[in-house]
Amino acid sequence: MSAAAHGHTPAAWTGVTIAFIGFTISGVAMIIPNVLLVWGGLVVVLLAGVVGKAMSIAGMGRQPSPHYEGAPAVEQPAVAVAAAH
């Protein structure tokens, strides 16, 4: 999985950071108790998904790997069959 660079992109890091901030806002708002701030934090979490996807579409997401596109198919070993006469 590490060869695919899963999650190691600016789009992924930005989305996760914004989502973390949104969850923190909502968590603090639950302790305070402030219902509007809880919903505001959840809106920030949704915004994180939108920003991450937009950055990915803009080319800051995972790029196709040149190692996997033209990889040859795995060949099966040849089995020698002895002919019985």
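**Figure 1. The whole chain and its surface.** The protein exposes about 7000 Å², and carbon and sulfur atoms supply 72% of that; accessible areas here come from the Shrake-Rupley method with a 1.4 Å probe, and for residues only the protein chains shown count as cover. This is a predicted model, with local features needing pLDDT of at least 70 and side-chain atom pairs counting only at pLDDT 80 or more, while totals for chains, interfaces and linings use all residues. Residues are numbered from 1 along each chain as its sequence is written, and side-chain values use heavy atoms, with hydrogens and water left out. You'll find 3 helices and 0 strands, running α-α-α from the N terminus on; helices (H or I, at least four residues) and strands (E, at least two) are DSSP runs, numbered from the N terminus. Of the 85 residues in the protein, 16% are buried, where buried means under 20% relative accessible area, exposed over 50%, and partly exposed in between (1.4 Å probe, protein chains only). Among contacts with a separation of 6 or more, 58% link residues 24 or more positions apart; a contact means heavy atoms within 4.5 Å.

**Figure 2. Helix 1 against helix 2.** Helix 1 and helix 2 (residues 35-60) pack at about 180°, with their axes 7 Å apart. The axes are lines fitted to C-alpha atoms, for helices over the stretch in contact, and the angles run from 0 to 180 degrees between N-to-C directions. On the helix 1 side, the contact residues include Ile18, Gly22, Phe23 and Ser26, and on the helix 2 side they include Leu37, Gly41, Val44 and Met55. Sorted by type, the residues of this contact come out as 17 nonpolar, 7 polar and no charged; Ala, Val, Leu, Ile, Met, Phe, Trp, Tyr, Cys and Pro count as nonpolar, Asp, Glu, Lys and Arg as charged, and the others, Gly among them, as polar.

**Figure 3. Ser26 and its partners.** Ser26 sits in helix 1 and counts as buried because its relative accessibility is 3%. Leaving out residues up to four places away in sequence, Ser26 touches Leu37, Val38, Gly41 and Leu42.

**Figure 4. Val44 and Ile18.** Val44 belongs to helix 2. Its C-alpha is 7.0 Å from that of Ile18, a residue 26 places off along the chain. Beyond residues up to four places away in sequence, Val44 touches Ile18 and Gly22.

Figure 5. Thr9 lies in the segment before helix 1 (10-31), and at 11% relative accessibility Thr9 counts as buried. A polar atom of the Thr9 side chain comes 3.2 Å from the backbone nitrogen of Ala12. Setting aside residues up to four places away in sequence, Thr9 touches Met60, Gly61 and Arg62. Met60, in helix 2, is partly exposed at 38% relative accessibility. With the same exclusion of residues up to four places away, Met60 touches Thr9, Pro10, Ala11 and Met55.

**Figure 6. Ala58 and Ala11.** Ala58 is also part of helix 2, and counts as exposed because its relative accessibility is 58%. Ala58 and Ala11 are 47 residues apart in sequence, and their C-alpha atoms are 9.2 Å apart.

Terms used. Polar contact = N/O pair within 3.5 Å; in protein donor to acceptor, adjacent residues only side chain to side chain.
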